[in-house]
Structures are given as C-alpha cells and as structure tokens.
Amino acid sequence: RTRLNQKQLANYQREREQGYDQNGRPANWRSRLTAEASNKLADISRRYPSLQFDPKAGVAKLDTDILFDSGADGLKPGAEKVLGEVAQLMKSPDGRDLRLMIVGHTDDQKIAGRPVREKHPSNFHLSTSRALAVADQLHKFGLPDERMGVAGFGPYQPVATNLTPQERQKNRRVEIFVMAPEVPVIGWTESTPNLY
C-alpha cells in the first residue's frame, strides 16, 4: 500500500509540474491575476500563516485545522478574519472581476463517531460541506454567490501519503482558486460558452 500511495503521489506531482509552461505559468490558463490582486493575496498570506498563496497558479490554500475541528464543518472562531480579508480583496477594484472556486479535501481516514457519520456519511460529504462553509462565510462578507463555485474531492486528491498524522494533516485542506474571468471552468457557463 505504501508503494502504491507513493506512486500515486508521484503521478499527481508529475501532472502538476507538466501543467506549467516554461515561464512557470499555468499552461492552459488564458489570463493571470493582475499584479495588484496577486500582491494583495501575497500580503494576506504573510499575515495569516494558515493561508498559503502560490502567485504562479493563483491558488490560495487554507489549513483546515485552523478553520475546522476534526470531523466538523463549522468554522472555528477566528477563521472569519482571513476570510474577511479575502472577501475584501474580491470586492475591491483590483478583485471585482475575479471569481473563486473553493475546493475541500480530506485525508483518507474513515469518518469517526456516529453523530458525525450521520451528518457526513463520507469524506466527499465532509469535504464539500467544508468548502460550502467557506463560501457561506464569504457570502456573509458580501461576496455574491455567482462569483463562487464549490467542490469536494474527499480523500482523492492527496498531496501527501496519509501514512502519518503529519501527512494526513497536509491532505486536510480547503483550496481557494482565485481566477480571472477568462479562465475556463467546466460547469461555469460564461467561461465555457462553446459547451452550451
């Protein structure tokens, strides 16, 4: 199982690396974030260590242990601060045309405890509920729903092998993809008009 997990992780890393052009930009993206929006996200991530921002890809990743208790989908106190700053950026002139795709991930551990399993029968449910909780909080801060999408991948997009508690913690995450209006997203009708 360890060899299989390591092989799968190596394949994911190779796919991610191949997705960039020679300048380090995502090869399939037609547009990047403005320099101002990218700088503001980088500034937020410097002030909140639980938020990591990759300016090349326009991806911000939040540590779910900061946002949520184990097995829970309710935001912890204090999570609102970093989400409030992301919402503020999205409402500013530098971010008003940007959109967000909020994606939840879990580790590969089975949902523990009957009450939690009744609410979240699988890691798909938990990951999606966590992404939705982040979107709901951003909506409360005034970000319109039509500028956000939500997805949950459960344990199926790991960034570590799940063999130790530290590796499982890396896999429990909520990613916020900050996208320019031209970036095509399947299911987002305005960005993929040729499909509809």
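Predicted model: local features only at pLDDT ≥ 70, side-chain atom pairs only at ≥ 80, totals over all residues.
**Aromatic pair**

One aromatic pair is present in the structure. Its members are Phe124 and Tyr156, whose rings are tilted, with 5.3 Å from centre to centre and 40 degrees between the planes. Phe124 belongs to helix α6 (residues 123–140), while Tyr156 sits in the loop between β4 (148–152) and α7 (165–171), so the pair ties together parts that are 32 residues apart in sequence.

The accessibility of the residues discussed so far is as follows.

| Residue | Relative accessible area | Class |
|---|---|---|
| Phe124 | 42% | partly exposed |
| Tyr156 | 49% | partly exposed |
| Thr161 | 9% | buried |

Thr161 is buried because its relative accessible area of 9% falls under the 20% cut-off. Its side chain makes a polar contact of 2.4 Å with the side chain of Glu167. When neighbours within four places in sequence are set aside, Thr161 is in contact with Asn5, Gln6, Leu9 and Glu167.

**Strand β5**

Strand β5 spans residues 173–179, and six of its seven residues are buried, so the strand is largely enclosed by the rest of the structure. Strand β2 (residues 59–63) runs antiparallel to β5 and is joined to it by five bridges; Leu62 has Val174 of β5 as its bridge partner. Strand β3 (residues 99–105) is likewise antiparallel to β5, with seven bridges between them, and His105 is bridged to Arg173 of β5.

Definitions and conventions: Residues numbered from 1 in each chain as written. Heavy atoms only, no water. Phe/Tyr/Trp six-rings, centres within 6.5 Å; stacked < 30°, edge-to-face > 60°. Helix = DSSP H or I, 4+ residues; strand = E, 2+ residues; numbered from the N terminus. Buried < 20%, exposed > 50% of the residue type's maximum accessible area, 1.4 Å probe, protein only. Polar contact = N/O pair within 3.5 Å; in protein donor to acceptor, adjacent residues only side chain to side chain. Contact = heavy atoms within 4.5 Å. Pairing = 2+ DSSP bridges.
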